[in-house]
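Here's a quick tour for anyone opening this one up for the first time. Have the sequence and the 3D view side by side as you read.

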Amino acid sequence: MNIGIIGTGYVGLTTGACFASLGNRVICVDNNVQKINMLKKGHMPIYEPGLEELVKQNEKENRIEFTTRISEAVKKSDVIFICVNTPTKENGDADLSAVETVAESIAGHMNRYRLIVEKSTVPVETGIRVKQTIQANIRNNVAFDVASNPEFLREGSAIHDFLNPDRVVIGVESRRAEKILKELYKSFSAPIVVTDIRSAEIIKHASNSFLAAKISFINLISRICDKVGADINKVAEGIGLDKRIGSDFLRPGAGFGGFCFPKDLAAFIRIAEKLGVDMKMLRGVAQANEEQKEFFLKKIEDQLWNLKNKQVGVLGLSFKPDTDDIRYAPAIDIILRLESEGVKVKAYDPQAMLNARTVLNGTLYAKDPYDAAKGAEALIILTEWNEFKQLDFKRIKKLMKRPLILDGRNVYSLEKMKEYGFQYISIGRPAVA
Ligand code: UGA
């Protein structure tokens, strides 16, 4: 098929590269000239494992191209995916102005039937708005369909997730749209859930809210474990083995972040409010997440006593491993708070330091984890990169001013830390003295 992708963020770029790798011809559009120029030269504007190789390979085989002109994509494509940003406004609403602009522009260039598919995460009823916008701006009365096909990929494992989904959701209003989307996904072994557009839109927001709730739930339980000296890792294992609950997304930590959960929770709460449904439960999920960062900060303060002029090393800045994305990353909030209290932070992250520099001005950046630990009164773990799992702890201990590790992601075993002679404080597990 000929596919147009509007927006080259995590979702757009991964969708484009994966559809191309399945043998489709893909044209990706972005209004950011710099980004498109980078992509044309084979450089990725984001760090996502395997993406650069996949894009390059498909470019070589002439299955993917990049442009700043929507007109070109609309002319060449049968199916057009809207993958633009839907950031949060101050009041929690999703800002859908980019979706509207793109819909107007698509309408203006359509000269035969097109299927326009929303893939960006959008509030319920956006599809209807997109349809009305296209209808209002279309020339020559050509036929079109709007559909919703939410994406469930995670950053850091985007390609694998896209190609191996648990399910494909398609929200459609016509048999024609259903047939096209089923054809596009025909090589996938996952079940296809065919529904109306509104239900598809709700599936996406409800899925992310449920996952966020799972994390806040386990984080709340971690605080109880902390109080009584129980072990949250064992508690999570014991809960998760119940098939009705499942063990995924029960990893405790210093809060969840990223551009999806916090934003989608806020948007879903707002939509529900507008519809007269009070989402107390989800407000609790968001609040528990904020409190979890405080809970970890309190542990740091308890150990360091006076924060002013204390030097600490931080390992991990991105909101999760295998990405350079720092949006809503707990690490950033925690560092900003520590710095506001006079702590001197030296941080290291395998990929996210460049992005971090745009928001953390007072922070020093280390060349590796050992450099971050040098002279530090505490080493604070905020992202569970694989690189941090295999450190030379004898060396780390020698480099530090005090052998104290505060682990916001429960990366290390209590026994190992004891063996190395560290004071080790983690989340919801007994402290190692
Ligand atoms: C999330 C969803 O998992 C995807 O299904 C969805 O497509 C995506 O949002 C989106 O809407 O675009 P993502 O934000 O990339 O994906 O990353 P996750 O792996 O879900 O992690 C989100 C946050 O939750 C991270 O800060 C992570 O550290 C945290 N987390 C995750 C935990 O604290 N504990 C867990 O058990 C799992």
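Which residues form one aromatic cluster? They are Phe19, Phe81, Phe162, Tyr185 and Phe188. This is a predicted model, so local features need pLDDT of at least 70 and side-chain atom pairs count only at pLDDT 80 or more, while totals for chains, interfaces and linings use all residues. Residues are numbered from 1 along each chain as its sequence is written, and side-chain values use heavy atoms, with hydrogens and water left out.

**Aromatic pairs**

- There are 13 aromatic pairs in the structure; rings of Phe, Tyr and Trp (its six-membered ring) pair if their centres lie within 6.5 Å, and planes under 30 degrees apart count as stacked, over 60 as edge-to-face and the rest as tilted.
- One of them joins phenylalanine 256 and phenylalanine 261, edge-to-face, at 5.8 Å centre to centre and 85° between the planes.
- Phenylalanine 256 is buried at 6% relative accessibility, and phenylalanine 261 is buried too, at 12% (buried means under 20% relative accessible area, exposed over 50%, partly exposed in between, with a 1.4 Å probe and protein chains only).
- Phenylalanine 393 and tyrosine 412 have ring centres 4.9 Å apart and planes at 85°, so they make an edge-to-face pair.
- That pair ties together parts that are 19 residues apart in sequence, because phenylalanine 393 lies in helix H16 (residues 393-399) and tyrosine 412 in the loop between strand S13 (404-407) and helix H17 (414-420).
- Helices (H or I, at least four residues) and strands (E, at least two) are DSSP runs, numbered from the N terminus.
- Both phenylalanine 393 and tyrosine 412 are buried.

**Charges over rings**

- The charged end of arginine 395 sits over the ring of tyrosine 370, 3.9 Å from its centre; this calls for NZ of Lys or CZ of Arg within 6 Å of the ring centre and within 35 degrees of the ring normal.
- Arginine 223 lies over the face of phenylalanine 295, at 6.0 Å from the ring centre.

- Setting aside neighbours within four places in sequence, serine 216 is in contact (heavy atoms within 4.5 Å) with Phe256, Val285, Ala288 and Asn289.
- H9 also packs with helix H11 (residues 261-274), at an angle of about 120° and with the axes 9 Å apart; axes are lines fitted to C-alpha atoms, for helices over the stretch in contact, and angles run from 0 to 180 degrees between N-to-C directions.
- Residues making that contact include Ile202, Leu211 and Ile215 of H9, along with Phe261, Leu265 and Phe268 of H11.

**Loops to look at**

- Arginine 251 is in the loop between helix H10 (232-240) and H11, and arginine 251 is exposed, with a relative accessible area of 52%.
- Its C-alpha atom is separated by 7.4 Å from that of alanine 236, 15 residues apart along the chain.
- Leaving out neighbours within four places in sequence, arginine 251 is in contact with Ile215, Ile218, Asn219, Glu384 and Arg409.
- Tryptophan 305, in the loop between helix H12 (280-304) and strand S9 (311-315), has a positive phi, near 60°, and is exposed at 71%.
- Asparagine 410 has a positive phi as well, near 50°; asparagine 410 lies in the loop between S13 and H17 and is buried at 11% relative accessibility.
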